[in-house]
Amino acid sequence: LYYLTDQCEVLPPFHRMELALVKKFERLLDKRCPIGRDAYPDFPTEAPTAALRAAQWNSEQRSLVHCFRALLYCSYGHVSNCLVDVEGKLWSIDHEKLIYTPNTDDIHMLDELIGNHPLRNLCAQLAAGLTTEDIEQSLSDIPNRFWDTGKFQQPRTAIEYFSRRLEVWQRTFTERGELANAV
């Protein structure tokens, strides 16, 4: 999405002080991606409308990506961690900063934080759209050599961990979502 920063609002509007902080952060870490045309010769010259709509900082797809990363207890997905195709479908990448937590307090805090905000519907959509089989399928093909680097030494323990988080997510956002829609 970073490539589209000159074509649509991929970031929310900043106040002057926030913008100064962002500029300082970019200058100090120099982790910016190039946005010049020469860095992306295989991209269409004009971004398709569907791609620009999905790339907007407040689009439903971007919000759904943030909900998904919250389910995983993953770091914030900035614009360099999200890709968009010409049909306007977003792809969240770079989930290396998954933080293990022994409980699901963060899901309950998110529940309280969003209250009856429209984000609740996206959380419920995510709850309805994912299964433990999806989790198992997504983790089972990771080669064994990658399992010796963190909290989980094999796919089974990671599958159990993320399935437990999904179960709590589903209970939290499906039940309360149904109550909110009934009122």
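Student: In which strand does leucine 83 lie?

Tutor: Leucine 83 belongs to strand S1, which runs over residues 82-84; strands (E, at least two residues) and helices (H or I, at least four) are DSSP runs, numbered from the N terminus. Please keep in mind that this is a predicted model, in which local features need pLDDT of at least 70 and side-chain atom pairs count only at pLDDT 80 or more, while totals for chains, interfaces and linings use all residues. Residues are numbered from 1 along each chain as its sequence is written, and side-chain values use heavy atoms, with hydrogens and water left out.

Student: Why is leucine 83 called partly exposed?

Tutor: Buried means under 20% relative accessible area and exposed means over 50%, with partly exposed in between (1.4 Å probe, protein chains only). Leucine 83 has a relative accessible area of 42%, and therefore counts as partly exposed.

Student: What makes Leu83, Trp91 and Ile93 a patch?

Tutor: Patches are made of residues with over 30% relative accessible area and no salt bridge, where nonpolar side chains (Val, Leu, Ile, Met, Phe, Trp, Tyr) are joined within 5 Å and like charges within 9 Å. Leu83, Trp91 and Ile93 form such a nonpolar patch on the surface, and together they have about 260 Å² of accessible area, a value from the Shrake-Rupley method with a 1.4 Å probe, for which only the protein chains shown count as cover of residues.

Student: What is the overall pattern of the protein chain?

Tutor: The chain has seven helices and two strands, and read along the sequence they follow the pattern α-α-α-β-β-α-α-α-α. Of its 183 residues, 31% count as buried.

Student: How do you know that threonine 172 is buried or exposed, and which residues does threonine 172 touch?

Tutor: Threonine 172, which lies in helix H7 (residues 155-182), has a relative accessible area of 11%, and therefore counts as buried. Leaving aside residues up to four places away in sequence, threonine 172 touches Ile107, His108, Asp111 and Arg120, where contact means heavy atoms within 4.5 Å.

Student: How many salt bridges does the structure hold?

Tutor: The structure holds four. One of them joins the side chains of arginine 165 and aspartate 106 (2.5 Å, N to O), and this pair links distant parts of the chain, with arginine 165 in helix H7 and aspartate 106 in helix H4, 59 residues apart. Arginine 165 and aspartate 106 are also buried.

Student: How do you know that the buried residues of helix H5 lie on the same side?

Tutor: The buried residues of H5 (residues 119-129) are Arg120, Leu122, Cys123, Leu126 and Ala127. They cover an arc of only 165° around the axis, which means that they are on the same side of H5; the arc is that of the directions from the helix axis to the C-beta atoms. The face of H5 turned away from this buried side carries the exposed residues Ala128 and Gly129.

Student: What makes a group of residues a nonpolar core, and which residues have the most contacts inside the largest one?

Tutor: A nonpolar core is a set of buried Ala, Val, Leu, Ile, Met, Phe, Trp, Tyr and Cys residues joined through side-chain atoms within 4.5 Å. The largest has 23 residues, and those with the most contacts inside it are Leu139, Phe162 and Trp169. H7 gives the most to this core, with eight residues.
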